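The points concern side-chain contacts and one part of the surface.

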Amino acid sequence: MVKKVIEKVLFVIIMTVAVVIVTGCTGNHGAKEGFVYIEDGVFKVDGEQFFPLMLNYKVDMMTFGDDLVLGAVKYYDNPEIYEPTTKQEALDQFSSHMQIVEDLGFNTVRLCLNVISANDKGRYFSVQSGVVYLKDKTDQILDAVEEMVSIVASHNMKVMLLLKPSWDAELAKFNSALMKRLSNEKTVFAYDLMNEPLYFDEVKDRLKADAVDLVGKWVDKAKTDAPNHLFTIGFAEPIEVFSWDPSIMPVDFIEIHTYNPLSIPNEIWWYSHYVKKPWMIGETSLPADDDSVSYEQQCFFAEQAYQYTIDCGGIGFGWWAFQDFSQSNDINYEGIYSGVLNHEGTMTTQNGYVIQGTLKPVAYSFAGLKSLKKGEPEKAVNYYNNFGYHNAKITGRIVDYKGEPIEGAVIRGWNNTWRTGLNTFTDENGVFNLYSNDECVHFAISAPGYDTKRFDMYLKYHDANGANSDFTDLPDRNIKSSMVSFGKFLKEENKLFDFKEDEFNKAVIFADMGVIKLEMLGK
């Protein structure tokens, strides 16, 4: 009991600090000329609204003798080699790429600088052969970052810089030095302090209070080093609410990464209704090779994802990424074909630089997106069953300790091997229906601003007639969400979020979890 009381007191203190941090950085508050700030829930520059239309761009470090440069990741252009043979050639290549990005109508790029590894000698960037340690080349690395930012500025765009999180003293020192170096740089729009905690947190099942405390320390330091800039975290899925609750993270705004058409409208709906923070799409894409997925369908996706974003109140939109991966990369289809530029043929930029690849039709879609007007969004018909699981339905109810229903709680279930996981949300009455194809025995439940419950439970199932039943002989038990194609659920091929409603409310066996209580944090 004493321990619980102490934890509550500590959480209240942490949240108080978090509120002070956020309150101090989400309005104009005398923002300097030319810098992006947040006021009335939107980005602004010099009193005018700014809507980031952002393209993600991965970087590599290269060395040429004593020269060090940050530029295009190896698989951009010719994916098998580094084209540049000098520092200037590397900078020219990057500038040519930025010219393309500018010409396509983007006003922001997210430079992924988080490609930092570690060994027993410290943190480092990989280069063509060998490594460059942060502690040995800090000033040269910062010079290289500054050169990239300067080139982006010359193309009239803003920059979001994705950093490796300050997990240790060496990274913290480097990130601090970087922010100080760029503290007066108006081109820098924001820092992304961590990419997708769900996948890249170094601590499994981190407590919410610990995550808030950690991010509070990062932001507090960052605001000292870079008082003119904004700070965010890129969230991968709503289930991050179990540890990295976006509703209580002390950042200026949140950035959403969402990809599967079956889950995109549902994740956007959830974030926009229950997180209560300014938000933007940081990453999305419909991978297309004009075979399995047509280029035409990719164009429809870009427009419809953007439209749903602004309909739900998003204040920015980011696409992944500049160019496709090489097929030789050991990644899946989705990872290979997400770019606006493929690896087929060649094209020549305005300044005469030859690119190994050509622009997909979707590349020419973005300039026209700004003409779309905000509409009234509708909740997708598969909101409670993203991927059309159809064997079992677990019903339950989530309430607070006063017995009041909690709307927007997230329920996650896994099968016995943890191989298959699936989730759903509660409705306005706190009721949930968790659909699955295999028996779920591991569970996690939370809601924005509430504690997290993790537990194992073996439920008793019955059929529609009330007779005892189980999963024996039921089909498709090993299907994971990554194996489910969105195409079969579409009413029309080119309406990417309009699904057949009767495909998402099927089940043959049923179970009741009963009532689960969550406690509001800080109470």
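**Notes on side-chain contacts**

1. Glu255 and Arg110 are both buried. The model is a predicted one, and in it the side chains of these two residues meet in a salt bridge with an N to O distance of 3.3 Å. The pair links distant parts of the chain, since Glu255 lies in strand β13 (residues 253–257) and Arg110 in strand β6 (residues 108–112), 145 residues apart. Glu255 and Arg110 also belong to a network of salt bridges in which Asp192 and Glu283 are linked with them.

2. For context, a search of the whole structure finds 21 salt bridges. Side chains of opposite charge can pair when their charged atoms come close. One of the salt bridges is formed by the side chains of Glu147 and Lys87, at 3.3 Å from N to O. This pair, too, links distant parts of the chain, with Glu147 placed in helix α3 (residues 134–154) and Lys87 in helix α2 (residues 87–103), 60 residues apart. Glu147 counts as partly exposed because its relative accessibility is 25%, and Lys87 is likewise partly exposed, with a relative accessible area of 23%.

3. Are Asp451 and Lys453 buried or partly exposed? Their side chains meet in a salt bridge of 2.8 Å, N to O. Asp451 has a relative accessible area of 18% and is therefore buried, the cut-off for that class being under 20%. Lys453, at 22% relative accessibility, counts as partly exposed, so the two partners fall on either side of the cut-off.

4. Turning to the rings, a search of the whole structure finds 32 aromatic pairs. In one of them, the rings of Tyr57 and Phe322 have centres 5.3 Å apart and planes at 55 degrees, so this pair is classed as tilted. The pair links distant parts of the chain: Tyr57 is in strand β4 (residues 53–64), while Phe322 is in the loop between β15 (317–319) and α9 (333–336), and the two are 265 residues apart. Tyr57 is buried, with a relative accessible area of 1%, and Phe322 is buried with a relative accessible area of 1% as well.

5. A further pair that the reader may wish to inspect is that of Tyr308 and Phe497, whose ring centres are 6.5 Å apart and whose planes stand at 50 degrees, so that this pair is tilted. Tyr308 belongs to helix α8 (residues 295–311) and Phe497 to the loop between β25 (468–469) and β26 (509–518), so the pair, 189 residues apart, links distant parts of the chain. Both Tyr308 and Phe497 are buried.

6. Finally, the surface deserves a remark, as Leu198, Tyr199 and Phe200 make a nonpolar surface patch of about 300 Å². Tyr199 is located in helix α5 (residues 197–200). With 47% relative accessibility, Tyr199 counts as partly exposed, in contrast to Tyr57, which is buried at 1%.

How values were computed: Residues are numbered from 1 along each chain as its sequence is written. This is a predicted model: local features need pLDDT of at least 70, side-chain atom pairs count only at pLDDT 80 or more; totals for chains, interfaces and linings use all residues. Side-chain values use heavy atoms; hydrogens and water are left out. Patches are made of residues with over 30% relative accessible area and no salt bridge: like charges are joined within 9 Å, nonpolar side chains (Val, Leu, Ile, Met, Phe, Trp, Tyr) within 5 Å. Accessible areas come from the Shrake-Rupley method with a 1.4 Å probe; for residues, only the protein chains shown count as cover. A salt bridge is a side-chain nitrogen of Lys or Arg within 4 Å of a carboxyl oxygen of Asp or Glu. Helices (H or I, at least four residues) and strands (E, at least two) are DSSP runs, numbered from the N terminus. Buried means under 20% relative accessible area, exposed over 50%, partly exposed in between (1.4 Å probe, protein chains only). Rings of Phe, Tyr and Trp (its six-membered ring) pair if their centres lie within 6.5 Å; planes under 30 degrees apart count as stacked, over 60 as edge-to-face and the rest as tilted.
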